[in-house]
Amino acid sequence: MSNKFIVEPAPHIRSGNTTSMIMLHVIIALTPALIASVIIFGARALLLTITCVTTCVICEYFFRVIAKREQTVTDLSAVVTGMILAFNLPVTLPLYMAALGSVVAIVLVKQAFGGIGQNFANPAAVGRIVLMLSFPSHMSSYAVPFYYQSGIDIKTSATPLGLEAGDVIPSVKELFFGIHGGSLGETCAFALLLGFAYLLVMKIVRPIIPIVFVGTVAIGTAISGGDAVFSMLSGGLLLGAIFMATDYTTNPMTLAGKVVFAVGCGVITLVIRLLGSMPEGVVFSILVMNILTPYIDKMTRPRPLGMKKTPKEPKEDKREI
């Protein structure tokens with residue numbers, strides 16, 4: 001019996017990291033923000049997160065069963081999608097709306113395109129956008145920190161980016177520790193940075209996209225006469241840059257492509273924040289750049305060593321003489 005050698009396309013570097021292991025690391029990195037959200041907004045933050053995670057897992061499981069595809073629910077990617085989507089929602093959002101956003105994220109964005117690794121955009125980003133467009137009043141109702149108590153209506157306030165003239169602007173300390181209105185997982189910069197540090201130590205993400213993304217927004221804000229620190233710590237910038245823009249499937253493969261992608265996210269975010277009617281534009285910028293990722297990959301694809309560009313042959317003149 002002769003030995004068979006199987007030749008496959010490069011790269012041939014093997015890694016001990018599995019999809020489930022990577023997703024577990026991401027869940028661990030998201031945990032500080034989850035704890036912070038419960039401390040800041042109360043137990044309902046945990047309930048909202050459980051609703052999103054449970055709906056995402058159930059939708060993925062039954063979609064794979066109905067489509068007769070190999071089950072992937074154990075890779076934990078649905079759990080990550082549910083957590084990130086929940087972090088993009090106000091704690092006051094009705095649970096059925098959160099469940100609806102989870103269905104959109106898993107069924108329409110992820111599984112309808114083949115599952116993990118084949119989705120065209122970040123599922124959580126699309127889920128939030130669909131909810132923003134479908135339920136604008138509910139999606140813009142943000143709870144005042146530490147106010148929620150069982151049996152008492154939740155007082156609401158605007159996010160720092162939505163404050164108007166005369167409103168009290170949060171201090172840098174309040175922005176850093178999340179003592180202001182906003183979606184439940186985006187307010188506490190300290191918790192998000194802890195998660196980012198963990199991902200870097202475990203080599204789950206590269207720092208290039210978050211640094212360039214946030215840096216572009218900060219520099220652009222400073223040039224326009226705004227407060228760069230305020231812009232970095234407000235809204236969903238850190239959450240989007242660290243946990244959404246770095247999604248393996250929907251950002252470019254090359255280093256140059258990642259820089260272009262991150263700069264594009266930053267510029268679009270700035271344009272929406274400075275010129276748009278909405279105070280926040282992070283998820284929209286990520287969605288647009290997700291769609292452009294295949295073209296960025298094509299433009300920044302390196303030429304193989306030693307390969308020469310084949311000159312185009314002149315077209316034959318088929319006109320009759």
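**Close-up views of a predicted model**

The structure holds 1 cavity of 30 Å³ or more. The model is predicted.

**View 1. The largest cavity and its lining.** The volume of the largest cavity is about 40 Å³. Glu-186, Thr-187, Cys-188, Ala-189 and Leu-192 line the largest cavity, together with Met-232, Leu-233, Gly-235 and Leu-238. Two helices, helix 8 and helix 10 (228–233), each supply at least two residues of this lining. By class, the lining of the largest cavity counts 6 nonpolar, 2 polar and 1 charged residues.

**View 2. Helix 8 packed with helix 11.** Helix 8 spans residues 189–201, and helix 11 spans residues 237–244. Their axes lie 10 Å apart, at an angle of about 15°. Angles under 35 degrees count as roughly parallel. Helix 8 and helix 11 are therefore roughly parallel to each other. Their crossing is left-handed. From helix 8, the contact takes Ala-189, Leu-192, Leu-193, Gly-195, Phe-196 and Leu-199. Helix 11 meets them with Leu-238, Leu-239, Ile-242 and Phe-243. The contact of helix 8 with helix 11 has 9 nonpolar residues, 1 polar residue and no charged residues.

**View 3. The largest pocket and the residues around its centre.** About 430 Å³ of space lies in the largest pocket. The lining has 23 residues; closest to the pocket centre are Met-23, Val-80, Ile-116, Asp-247 and Tyr-248. Which elements give two or more residues to the lining of the largest pocket? They are helix 1 (19–41), helix 3 (77–87), helix 5 (123–134) and helix 11. By class, the lining of the largest pocket divides into 14 nonpolar, 7 polar and 2 charged residues.

**View 4. Helix 3 crossing helix 5.** The axes of helix 3 and helix 5 come within 9 Å. They cross at roughly 40°. That makes helix 3 oblique to helix 5. The crossing of the two helices is right-handed. On the helix 3 side, the contact residues are Thr-81, Ile-84 and Leu-85. On the helix 5 side, they are Pro-123, Ala-124, Gly-127 and Arg-128. The contact of helix 3 with helix 5 has 4 nonpolar, 2 polar and 1 charged residues. Helix 3 and helix 5 also each give two or more residues to the lining of the largest pocket.

**View 5. Helix 12 crossing helix 13.** Helix 12 covers residues 255–275, and helix 13 covers residues 282–300. Their axes come within 9 Å and cross at roughly 150°. Angles over 145 degrees count as roughly antiparallel. Helix 12 is therefore roughly antiparallel to helix 13. Helix 12 passes helix 13 in a right-handed crossing. Helix 12 brings Ala-256, Gly-257, Val-260, Phe-261, Gly-264, Cys-265, Ile-268, Thr-269, Ile-272 and Arg-273 to the contact. Helix 13 brings Val-282, Phe-284, Ser-285, Ile-286, Val-288, Met-289, Asn-290, Thr-293, Ile-296 and Thr-300. By class, the contact of helix 12 with helix 13 has 12 nonpolar, 7 polar and 1 charged residues.

Notes. Residues are numbered from 1 along each chain as its sequence is written. This is a predicted model: local features need pLDDT of at least 70, side-chain atom pairs count only at pLDDT 80 or more; totals for chains, interfaces and linings use all residues. Side-chain values use heavy atoms; hydrogens and water are left out. Axes are lines fitted to C-alpha atoms, for helices over the stretch in contact, and angles run from 0 to 180 degrees between N-to-C directions. Helices (H or I, at least four residues) and strands (E, at least two) are DSSP runs, numbered from the N terminus. Angles under 35 degrees count as roughly parallel, over 145 as roughly antiparallel, 65 to 115 as roughly perpendicular and the rest as oblique. A crossing is left-handed if the near helix is turned anticlockwise from the far one by less than a right angle, and right-handed if clockwise. Contact means heavy atoms within 4.5 Å. Ala, Val, Leu, Ile, Met, Phe, Trp, Tyr, Cys and Pro count as nonpolar, Asp, Glu, Lys and Arg as charged, and the others, Gly among them, as polar. On a 1 Å grid over the protein atoms alone, a cavity is a set of points where a 1.4 Å probe fits but cannot get out, and a pocket is an open set with protein on both sides within 12 Å along at least five of seven lines; lining residues have an atom within 4 Å of a point. Grid points are joined across faces, edges and corners, and a volume is the space filled by probe spheres set on the points.
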